[in-house]
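Let's take a look at the open spaces in a protein model and at the strands and helices around them. Have the 3D view ready as you read.

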Amino acid sequence: MKVKDVMHKGVDWVSPDTPVTELAKLMRGHDIGCIPIGEDDKLIGMVTDRDIVCKGLASNDFDARRAKASDVMTEGIHCCREDDDLAKAVLHMEKLQVRRLPVINKSKRMVGIISLGDVSRSAPGDMLTETVRSVSAHH
């Protein structure tokens, strides 16, 4: 099975200047837990709901009315390719201890995101059990 068979397709990114309040509304409106951040036709980061809480709300000098995506995003994004075997992408998620990976095509364009939820609907039970255990381990 390939990543492209199970990923969420048609995912867009937002600018690093997007207000954090807008990110939260997008997450709620689309029932998602992360939003890719892009600039100059390049994926540069991700913001998760956890980033908003831990890097934003939990810090002493955070002003939600003024904060932007760039203030809370995680840089140095790891990706997988749409033609990768699902098992390879899952191993990558395990090593990185991440619940989601952006998916790129041969032209290095983002074409989707694969999440643990996607894996849960498609992967064999033993693969899923190990993946959840690894990704959820305390880090």
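Start with the largest pocket: 20 residues line it, and those nearest its centre are Thr 48, Asp 51, Thr 74, Gln 97 and Val 98. Which elements give two or more residues to this lining? They are β3 (42–48), α2 (49–57), β4 (74–75) and β6 (100–104). The top contributor is α2, with five residues.

A quick word on where this comes from. The model is predicted, so local features need pLDDT of at least 70 and side-chain atom pairs count only at pLDDT 80 or more, while totals for chains, interfaces and linings use all residues. Residues are numbered from 1 along each chain as its sequence is written, and side-chain values use heavy atoms, with hydrogens and water left out.

A pocket is an open set of points on a 1 Å grid over the protein atoms alone, where a 1.4 Å probe fits and protein lies on both sides within 12 Å along at least five of seven lines; lining residues have an atom within 4 Å of a point. Helices (H or I, at least four residues) and strands (E, at least two) are DSSP runs, numbered from the N terminus.

**The second largest pocket**

Two or more residues each come from α1 (20–30), β2 (34–39) and β7 (110–115). Here β2 gives the most, with three residues.

The table lists volumes, meaning the space filled by probe spheres set on the points, which are joined across faces, edges and corners.

| Pocket | Volume |
|---|---|
| Largest pocket | about 570 Å³ |
| Second largest pocket | about 400 Å³ |

**The sheet and its helices**

Now for the strands. β2, β3 and β4 form an open sheet in the order β2-β3-β4, with antiparallel pairing (strands pair if DSSP finds at least two bridges between them). At the edges are β2 and β4, each pairing on one side only. Between β3 and β4 there are two bridges, and Met 46 has Thr 74 in β4 as its bridge partner.

What about the helices? α1 packs on the sheet, touching β2 and β3 (contact means heavy atoms within 4.5 Å). Its direction makes about 130° with that of β2; axes are lines fitted to C-alpha atoms, for helices over the stretch in contact, and angles run from 0 to 180 degrees between N-to-C directions. α2 lies across β3 and β4, at about 70° to β3.
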